[in-house]
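Hi there,

Here is the structure I promised to pass on. Have a look at it first, and then read on for what turned up.

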Amino acid sequence: MMILPVIKKEFRQIKRDRRALGILIFLPGFLLLLIGYALNFDVKHLKLVVYDEDRSAASREFVSSLVQSEYFVLVGNVDRTSSIDGLLERGEAAVALVIPADFSKVIHKGGLATVQVIVDGSNSNTASIAAGYMTIGIQSYSSRILTQWLGQRGMKLPLPIDVQPNLC
C-alpha cells in the first residue's frame, strides 16, 4: 500500500499548482480532438487517368464502375502510355489505369483480362491505400462480370453470404 501516499501527494501538488490542473485537463482533451478530427487516414477523390486501348463499351463500363465510388475521380484520358509518367510526376493524377486492346474480347470469352494499375508512390501511405481501393474496385467488377457470364450460360453462382433482414 505504498501507492496511497503517492496519490495523496500528487493531489496536494495539483491543488497548489493550478497550471498543472489545466494541463492535466487541456492536453488529453486536445489530443482527443486532434486524433479524432485532424488525423484522418481515409483517402478519397483520388485523381484517376485512363489509357484505354480497347475503347469499347465494356472498358467504358469498367472505368465507370471505378469512378462511381467516392474514392476515384476521373480527371482524363490519355492517348499514349508515355503521358502517364508526366501526369503522375506533376501531381495531376494519383493513379493511372491502362486497359489493353483485347479487354472486351477476353472478357466476353470468359478469359482473364489483365489491366495495369500505376500508382504514384511519392506518398507511400496514400499509394498503398489507392492500390487497395483499386484492387477492391477491380474485384467487385470482376465478380459482377463472372455472375453475368455464368447467368448467360444457365449456371448460378451461389453467394457466400445470404442476408435476410428481420425488422422489429
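A quick definition to begin with: a patch here is made of residues with over 30% relative accessible area and no salt bridge, and nonpolar side chains are joined into one within 5 Å. Please keep in mind that this is a predicted model.

With that in hand, a nonpolar surface patch of about 910 Å² is formed by Ile-23, Phe-26, Leu-27, Phe-30, Leu-31, Leu-34, Ile-35, Leu-39 and Phe-41. One of these, Leu-31, sits in helix α2, which spans residues 18–38. Leu-31 counts as partly exposed because its relative accessibility is 40%.

Now for the inside. In soluble globular proteins, nonpolar side chains tend to be buried together. The largest nonpolar core has 22 residues, and Phe-62 and Leu-97 touch the most other members. Two or more residues each come from β1 (46–52), α3 (57–67), β3 (95–99), α5 (103–108) and α6 (124–152). The largest share, seven residues, belongs to α6. Beyond its neighbours within four places in sequence, Phe-62 contacts Leu-97, Ile-99, Phe-103, Val-115, Ile-138 and Tyr-141. Another core, of nine residues, lies apart from that one and includes Val-49, Val-78, Leu-88 and Ala-93.

Finally, a word on the backbone. Most residues other than glycine have a negative phi. His-45, in the loop between α2 and β1, has a positive phi of about 55°. Arg-55 has a positive phi of about 50° and is placed in the loop between β1 and α3. His-45 counts as exposed at 52% relative accessibility, and Arg-55 is exposed with a relative accessible area of 53%.

Best wishes

Key
Residues are numbered from 1 along each chain as its sequence is written. This is a predicted model: local features need pLDDT of at least 70, side-chain atom pairs count only at pLDDT 80 or more; totals for chains, interfaces and linings use all residues. Side-chain values use heavy atoms; hydrogens and water are left out. Patches are made of residues with over 30% relative accessible area and no salt bridge: like charges are joined within 9 Å, nonpolar side chains (Val, Leu, Ile, Met, Phe, Trp, Tyr) within 5 Å. Accessible areas come from the Shrake-Rupley method with a 1.4 Å probe; for residues, only the protein chains shown count as cover. A salt bridge is a side-chain nitrogen of Lys or Arg within 4 Å of a carboxyl oxygen of Asp or Glu. Helices (H or I, at least four residues) and strands (E, at least two) are DSSP runs, numbered from the N terminus. Buried means under 20% relative accessible area, exposed over 50%, partly exposed in between (1.4 Å probe, protein chains only). A nonpolar core is a set of buried Ala, Val, Leu, Ile, Met, Phe, Trp, Tyr and Cys residues joined through side-chain atoms within 4.5 Å. Contact means heavy atoms within 4.5 Å.
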